[in-house]
Amino acid sequence: MSVQILGVRHHGAGSAHYVAEVLKKLKPDLILVEGPPEMEAMARWIGDKALKPPVAVLCYDQERTEQAAFYPFAVYSPEWVAIQYANAKKIPFRMMDLPLAIHWQMERDGTFQPTTEASVLKSPLTHFAEAAGYEDSDLWWEDHFENRYLPKEADAHFEAVMLTMQTLRDAGLPSHLELENEYREAYMAQCIRQAQQEMYQNIVVVCGAWHGPALLNLEASASQHQGILQKLPKSKIKVDASWVPWTNERLTWWSGYGAGIASPGWYSHLWEHPKDTTGVQWLSGVARLFRSKKVDVSTAHVIESTRLAESLAALRDRPRAGLLEFNEATIAVMCMGEAIQMELLKRELIVGKDIGKVPKDLPKLPLHADFEHNIEKLRLPQPEGKKLLELDLRKDLDLKRSIFFFQLQVLEVQWAQQTGVRSRGTFKEGWELKWRPEIVIQIVDKGIWGNTIEEAASKYLISKADQSTAITDLAEYIRHAIPAELFVAIDHLLLKINELSAVVADIQQLMAAIGPLSHVSRYGNVRGTDLQAIAKVVESMLIRVCVGLPTACYGMDEQSAQSMFKLIRSVHDAVRLIENPDLVGQWQQVLQTLAIKEGTPAIIRGCTSRLLFDAQVVSQEETTTQFGLALSNGNQAMESAAWLEGFLSGSGTILLFDPHLWNLLYRWMAELEDDVFNHMLPILRRTFAQFPTAERKQIGEKARQGTQNTGNKPAEQNDYQSFNEEQGASVLPTLALIFGLKQPESHV
């Protein structure tokens, strides 16, 4: 009875080659693979032609779906190679790691709390790497164990790996996973003993190299392991699993096995071309990529790059050139020293764009299944390119589609993007559908939040809200929740906003939140959503703003004044939407206070004066007086310019139709000294640049004419006295028809 321990690097191409060689030689009757037993049923699909790596097994708690772990596989993963061999030869295999149900239970109980910060610990391999003159322990490992593939030396390879790890473990190096590894390794050893008791004669164990020494001398360690296993808790956690497609980019993540690789595309090359020791095939692929992008690269470039890479490896005392040398040679020879082109190489080759596929008849993650069910139920196309949809929200099917799209946006699934919407709250919505394989992964990523799109979107939004302390963020979340009809999330968000608004001392936060919340009400007309609760929250926030705004604006610096000026305009627009006479009156009183309050920044005084004039709260005569005072010679020029910026912000129409204001502005600017004018020019340009092109053109033409005549006309020539009431009344029926105020009369 023999047990062969194969210590590997997860996602190591060299390790995978050596595992394949040993399996062919030993012909085991049982293979034990590091991994939780909950994924064993999924692993039986490995080798199916429709299961194309990179893929991952997603394991998750059925009741608390946010508790999940991904176990990714590439074609060069040693575990994939071992299980594929077992399935092809129809011999049994088992996953032998600590069950996830127990692992997660111990995490919840606090058993695996690390005693040492991971950031202060070095990888054990770092000690060997530094002794050999390497700055990177991964590079040292690759040179000694991954890149030196010699089929006849498979046994010697695993012996060297075992000796290396035994030496490091004997040194007693600290690890923040030390306690966790004790439980895991005791469980792995017990799985091997169980297999021996079942009379398997030829057992091969594929596990992470670090664990290898702990799985030797099983008889001597049996009592110790038994004592550890007796401490394991009983768990009621129910774990389910599913295959999901993965990408090369995601293989760089640290998840599941805890192993990420920086260059999946390079590892694919090592797996597919193990005999490319000089890198000629790799560099030829680089040349083909550059040529496809219209970069001139010849065969001579490939030859010179190969020679340079070999020279660099020799200078660094490396056994053979690796990716580092090939990249440096590529920059020097093919890119003419310009490293910017390496971004293309990294994206296309070094990382790669491979996307895995899973069989259609495989059990799917509930969220993924619900997504596909919704697509079928709502008759939505899944084209490879772009597809434009125009939805009419008065139709039941289109309304359901819109809700579904907004729920996907909450989940950050980038399939449907809103476009061509004329304004919020209209009956028409435009959407652009663009299907990409990565979308499945985006859905799978959110599978931990719920079994349906609606449930997952609601829980995900609630989670984000619970982590936020900014009322502006909550307002933005609720703006997305309304069209998605996530009513549970809306109630939670409103409660959170109420709590925060009661304690938030920052008036600007409240003001920034009022705008988005007030605009949300525009959806109610089309979607039939009850927005009274939101309206009450907005009203209570607005009352607090009215009380605190005058004090908040006192003594502001220029930058803060600019921010507050924009917020005041935003709140003013919100007040107009609310249409509550009492609140409108309170807000206008605050504006009147700010317009004349000393210590208030000039830009805010100018802004509030204009808002009051537009709302017809102050007369034209009062506004002209304020305008004249603001531009009087007694004020500093910069103060006057700031007031003018606030007053004219948004529209310069008032200057075109009020000669009094025009003359005041014209004379003020004409009397400025040249150096003062040049100093103020940026502010003036910023002010007038915001006007529409037509307004700017009219103002320019008016400026050529100078001041305007404001003298009174003779009574008989005054416009209001020369107005013909009979002719004016004749257009009223037509206007009423245009505005839908009455039906046209029959003339039959």
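Visitor: Where is the place of histidine 11?
Guide: This is a predicted model. Histidine 11 sits in the loop between strand 1 (2–8) and helix 1 (13–26).

Visitor: Why is histidine 11 called buried?
Guide: Its relative accessibility is 1%. Buried means under 20%, so histidine 11 counts as buried.

Visitor: What is the phi of histidine 11?
Guide: Phi is positive, about 65 degrees, although histidine 11 is not a glycine. Most residues other than glycine have a negative phi. Lysine 294 also has a positive phi, near 65 degrees. Lysine 294 lies in the loop between helix 11 (280–292) and helix 12 (299–315).

Visitor: Is lysine 294 buried or exposed, and why?
Guide: Lysine 294 has 77% relative accessibility. The cut-off for exposed is over 50%, so lysine 294 counts as exposed.

Visitor: What makes the peptide bond from proline 53 to proline 54 cis?
Guide: Omega is near 10 degrees there. Most peptide bonds are trans. Proline 54 is placed in the loop between helix 2 (40–43) and strand 3 (55–61).

Visitor: Which residues have the most contacts inside the largest nonpolar core?
Guide: Phe405, Trp415, Leu549, Ile568 and Trp587, in a core of 146 residues. Beyond four places in sequence, isoleucine 568 contacts residues including Leu549, Cys553, Trp587 and Cys607. Another core, of 42 residues, lies apart from the largest one, with Leu6, Tyr71, Ile237 and Trp243 among them.

Visitor: Which residues form a nonpolar patch on the surface?
Guide: Val731, Leu732, Leu735, Ile738 and Phe739, with about 520 Å² of accessible area together. Isoleucine 738 belongs to helix 34 (residues 732–738).

Visitor: Why is isoleucine 738 called exposed?
Guide: Its relative accessibility is 61%. Exposed means over 50%, so isoleucine 738 counts as exposed.

Visitor: What makes arginine 696 partly exposed?
Guide: Its relative accessible area is 37%. Buried is under 20% and exposed over 50%. The value falls in between, so arginine 696 is partly exposed. Arginine 696 lies in helix 32 (residues 693–705).

Technical notes: Residues numbered from 1 in each chain as written. Predicted model: local features only at pLDDT ≥ 70, side-chain atom pairs only at ≥ 80, totals over all residues. Heavy atoms only, no water. Patch = residues over 30% accessible without salt bridge, like charges linked within 9 Å, V, L, I, M, F, W, Y side chains within 5 Å. Areas by Shrake-Rupley, 256 points an atom, 1.4 Å probe, with all protein chains shown as cover. Salt bridge = Lys/Arg side-chain N within 4 Å of Asp/Glu carboxyl O. Helix = DSSP H or I, 4+ residues; strand = E, 2+ residues; numbered from the N terminus. Buried < 20%, exposed > 50% of the residue type's maximum accessible area, 1.4 Å probe, protein only. Core = buried A, V, L, I, M, F, W, Y, C linked by side-chain atoms within 4.5 Å. Contact = heavy atoms within 4.5 Å.
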